[in-house]
Amino acid sequence: MYYSNSNIIYVELDYLHTTDWTMRAKVVDYDMVIFDSYVDSLKSFTLEYGILRVNTRDDLRRVLSILMNHRNILNVFGLKPLNYGYPKKVRLVVKGSIGDSTRYLAHMYNGAEISAHYKNGVEKWGFLFPNNEAADSFINEISKHGKVINIHKRQIDNVEDYIELYGNKLSLVLDDIEAQVLSYAYKKGFFNFPKKVLLKDLASDLGLSPSTIDKYIRNALRKILRNIFEI
């Protein structure tokens, strides 16, 4: 399929991130789903809020040891078991350096994170990019730190139509605040490549924190993608 520079691109990929903790933990039977995240490029860290699932106490101990002792991890906190016995689910927050962070690199290429899931050494990502050039630049960059083993791209033809043309109809898909934030971000050029406005500027304009703005944008994009592609 031909992608013009103006097409919004949704990218799903599987990634063997050889310099990250996920690869060190490949011998452990674990599964970690990220339900929220945040990138602070000014303070050089990322946050990811996840649910870790392991089958045994030993698996849990090994994964946490790898996490807490990896050079890219600054802190692991907020540990909270979500059930008794095993298999066990544990909620946790991981603070990482931006270093060769996949999430940070996507952020630098104006990518919006849609999903992140780590399982037995394989990172499964979903990102929305403003055009194919940005998506390819991101893929080339992360290939320096690991191996991309599966890539699926989808051209998004009508996300802009949702945002620019249908205005109040977004309420059929999004919460009011999600629609307002997404529409404002679009009009200000947040999805342009390069960006015309930064997350911190949107936050200042709207009187919200950057992490809250980021959350609203990503939640809105997830809902729009599901509505378009039923994913």
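Asp36, Asp214 and Arg218 are joined in a network of salt bridges, a salt bridge being a side-chain nitrogen of Lys or Arg within 4 Å of a carboxyl oxygen of Asp or Glu. This is a predicted model, in which local features need pLDDT of at least 70 and side-chain atom pairs count only at pLDDT 80 or more, while totals for chains, interfaces and linings use all residues. Residues are numbered from 1 along each chain as its sequence is written, and side-chain values use heavy atoms, with hydrogens and water left out.

Arg218 lies in helix H8 (residues 210–229) and Asp36 in strand S2, so the pair ties together parts that are 182 residues apart in sequence; helices (H or I, at least four residues) and strands (E, at least two) are DSSP runs, numbered from the N terminus. Arg218 counts as buried at 3% relative accessibility, and Asp36 is buried as well, with a relative accessible area of 17%, where buried means under 20% relative accessible area, exposed over 50%, and partly exposed in between (1.4 Å probe, protein chains only).

Asp31 counts as buried at 13% relative accessibility, whereas Lys119 is partly exposed, with a relative accessible area of 31%. The structure holds 14 salt bridges, and one of them joins the side chains of Asp201 and Lys200 at 3.6 Å, N to O. Asp201 is partly exposed at a relative accessible area of 29%, and Lys200 counts as partly exposed at 42%.

Helix H7 (residues 199–206) contains Leu206, which counts as partly exposed at 32% relative accessibility. Leu206 forms a nonpolar surface patch with Ile177 and Leu208, and together they have about 190 Å² of accessible area. Patches are made of residues with over 30% relative accessible area and no salt bridge, like charges being joined within 9 Å and nonpolar side chains (Val, Leu, Ile, Met, Phe, Trp, Tyr) within 5 Å.

The 13 residues of helix H2 (residues 57–69) should span 18 Å at 1.5 Å a residue, and the end C-alpha atoms are 18 Å apart, which agrees; the expected span is 1.5 Å times one less than the number of residues. The buried residues of H2 are Asp59, Leu60, Val63, Leu64, Ile66 and Leu67. They cover an arc of only 160° around the axis, which puts them on the same side of H2, the arc being that of the directions from the helix axis to the C-beta atoms. On the other side of H2, Arg57, Arg61 and Asn69 are exposed. The cover over the buried residues of H2 includes helix H1 (21–24), S2, strand S3 (45–54), strand S4 (73–81) and strand S5 (88–97).

For the protein as a whole, the secondary structure comes to 8 helices and 8 strands, and 49% of the 231 residues count as buried. Among contacts (heavy atoms within 4.5 Å) between residues at least 6 apart in sequence, 66% join residues at least 24 apart.

Notes: Accessible areas come from the Shrake-Rupley method with a 1.4 Å probe; for residues, only the protein chains shown count as cover.
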